[in-house]
Structure formats: C-alpha cells, structure tokens
Amino acid sequence: MSRMSLRSHLTDSEAWTVVGRLEGGQTQAEVAQAIEVSQSGISRIWNRFLETGSAGRRPGQSRRRATIPMKIAI
C-alpha cells in the first residue's frame, strides 16, 4: 500500500461493506487496499462483527454532537 488514508472512521455502511468482502473470501489485506484504510482498521471491524454481530459503532461510541449551552433561569 503506497500511502494510508487520512480518514479515521468508516461509516456504518462502509463497515458493512468490509464485512461483506471478508465473508466473500477476500483477505483483510485485500479489503484494506481496496478501501484505502489500514489492515488493523479492517481487523477491528471484523473482530467487532464476530463479537457483537454488528459492524457499526458500538452503543455509546456515536460521534459527539455539538451542543449549545443552555441558560438556566433562576
């Protein structure tokens, strides 16, 4: 692989694509090269799928939303 992607997260849809490719017989290295992420990232998605049956983020791992501070009236 000539250079790694700068992306730090895959979408849930992309994670399911990873699982589908692996179930289809591709190696983690082949999937990593096709999607342009590290092999260790592919491994984490696969292991999460094997442990939980889900390829997406675990509950509580959602991306933080920007919040607007609320003024409390006293």
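1. **Confidence.** The mean pLDDT of the chain is 79, with 65% of the residues reaching 70 or more. Among the helices, helix α2 (residues 28-35) has the highest confidence, at a mean of 94, while helix α3 (residues 39-52) has the lowest, at 92. Where pLDDT is low, the predicted coordinates should not be read in detail.

2. **Overall make-up.** How many helices and strands does the chain have? The count comes to 3 helices and 0 strands. Starting at the N terminus, the order of elements is α-α-α. The chain has 74 residues, and 24% of them are buried. Now look at contacts between residues with a separation of 6 or more: 50% of these join residues 24 or more positions apart.

3. **How α1 meets α2.** Two packed helices are described by the angle between their axes and the distance between the axes. For helix α1 (residues 12-23) and α2, the angle is about 140° and the axes are 10 Å apart. The two helices are therefore oblique to each other, because an angle has to be over 145 degrees to count as roughly antiparallel. Their crossing is right-handed. On the α1 side, the residues that take part are Val18, Arg21 and Leu22; on the α2 side, they are Gln28, Val31, Ala34 and Ile35. Sorted by class, this contact of α1 with α2 holds 5 nonpolar residues, 1 polar and 1 charged.

4. **How α2 meets α3.** What is the angle at which the axes of α2 and α3 cross? It is roughly 115°, and the axes come within 8 Å. This makes α2 roughly perpendicular to α3, because the range from 65 to 115 degrees counts as roughly perpendicular. The crossing of α2 and α3 is right-handed. From α2, the residues Gln28, Ala29, Val31 and Ala32 meet Gln39, Ile42, Ser43 and Trp46 from α3. Here the contact of α2 with α3 divides into 5 nonpolar residues, 3 polar and no charged ones.

5. Find Val31 in helix α2. Is Val31 buried or exposed? Its relative accessibility is 0%, so Val31 counts as buried. If we set aside neighbours within four places in sequence, Val31 is in contact with Val18, Arg21, Leu22, Gln26 and Ile42.

6. **Glu36, a backbone angle to check.** Next, look at the loop between α2 and α3, where Glu36 is placed. Most residues other than glycine have a negative phi. Glu36 has a positive phi, near 65°, although Glu36 is not a glycine. With a relative accessible area of 52%, Glu36 is exposed, because exposed means over 50%.

7. Asp12 belongs to helix α1. Its relative accessibility is 36%, so Asp12 counts as partly exposed. How many residues separate Asp12 and Gly56 in sequence? They are 44 residues apart along the chain, with 4.6 Å between their C-alpha atoms.

How values were computed: Residues are numbered from 1 along each chain as its sequence is written. This is a predicted model: local features need pLDDT of at least 70, side-chain atom pairs count only at pLDDT 80 or more; totals for chains, interfaces and linings use all residues. Side-chain values use heavy atoms; hydrogens and water are left out. pLDDT is the predictor's confidence in each residue, from 0 to 100. Helices (H or I, at least four residues) and strands (E, at least two) are DSSP runs, numbered from the N terminus. Axes are lines fitted to C-alpha atoms, for helices over the stretch in contact, and angles run from 0 to 180 degrees between N-to-C directions. Angles under 35 degrees count as roughly parallel, over 145 as roughly antiparallel, 65 to 115 as roughly perpendicular and the rest as oblique. A crossing is left-handed if the near helix is turned anticlockwise from the far one by less than a right angle, and right-handed if clockwise. Contact means heavy atoms within 4.5 Å. Ala, Val, Leu, Ile, Met, Phe, Trp, Tyr, Cys and Pro count as nonpolar, Asp, Glu, Lys and Arg as charged, and the others, Gly among them, as polar. Buried means under 20% relative accessible area, exposed over 50%, partly exposed in between (1.4 Å probe, protein chains only).
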